Amino acid sequence: MIQAIDRAAKVLSSLQGARRLGISELSTALSLPPSTVHGIVKSLQQHGLVAKEPGGNRYMLGPALLKLSNVYLDTLDVRARGMRWTHELARRTGLAVRLGVRLLDEVVIIHHDSRPDGSEQMPETGLAIPAHASAMGKVLLAYQPHEQAASLSLRSLTGDTITDPGVFRADLEKVVDEALATEKNEAILGESSAAAPVVDHSGAVVAAVAVVMPTTEFPPAPTMLNDLRETARNISRELGAAQWPPTSGPAR
């Protein structure tokens, strides 16, 4: 690992979630000398990756990150090939639909179709959800080696978040059996979801597609789950998958 890049990445991570921090606060958070942090921040600022707040001494994420994130999204084959299918799923179910990929211990939403009811809704593309507390995350973890799931910190987000490793492990095994994951109030109270795996040409699970519903509508109807599975199957076919659902593997 290159130390300078590692430290710069940690600065950017510390500024996630619209946080604004000064040099001393970053120094404390990263356990680095203020002079070192100042040099890193100034270098990131020169590239637009960090910006200084107007009239203040604190720093925030810079606009260049938005450009980079858009470039990243544009290069994702799964997103390009999946959008028409997620849009159709939202239309058929009347629910919001997410397409997500795993990033370390989180799931990043790479595409979001709002509920087609005309209501005002926050766009979710780019948002991250803890993997262990989301249906998409369970799907993406279920087909990974044992140690990847075992290394997760099962922190409680609500009273319904699964925090027991044995229970969580059993939940992942069920995902492999059914090619389907669900969560009820595990990340946000009042919100639940169901997700299915998306497979690429090599047979690897590369993404998950989910429907999001009010908990009052949980559990989802069998017809809705069939529509979800069919959407996952169609996106997988677009990516060249020879079969769906994926074969059970590492989660066993």
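A polar contact, as I use the term today, is a pair of N or O atoms within 3.5 Å, where within protein one must be able to donate a hydrogen and the other to accept it, and where residues adjacent in sequence count only if both atoms are side-chain atoms. What we have here is a predicted model, in which local features need pLDDT of at least 70 and side-chain atom pairs count only at pLDDT 80 or more, while totals for chains, interfaces and linings use all residues. Residues are numbered from 1 along each chain as its sequence is written, and side-chain values use heavy atoms, with hydrogens and water left out.

Let me start with Thr 158, whose side chain reaches the backbone oxygen of Asn 185 at 2.5 Å, and a polar atom of that Thr 158 side chain also lies 3.0 Å from the backbone nitrogen of Asp 160. Setting aside neighbours within four places in sequence, Thr 158 is in contact, meaning heavy atoms within 4.5 Å, with residues including Asn 185, Glu 186 and Leu 189.

Is Thr 158 buried or exposed? At 10% relative accessibility Thr 158 counts as buried, a word that stands for under 20% relative accessible area, with exposed being over 50% and partly exposed in between (1.4 Å probe, protein chains only).

Glu 186 brings me to salt bridges, each a side-chain nitrogen of Lys or Arg within 4 Å of a carboxyl oxygen of Asp or Glu, of which the count comes to 15. Glu 186 pairs in this way with Lys 138, their closest N and O atoms being 2.8 Å apart. Both partners are buried, Lys 138 at 1% and Glu 186 at 5%.
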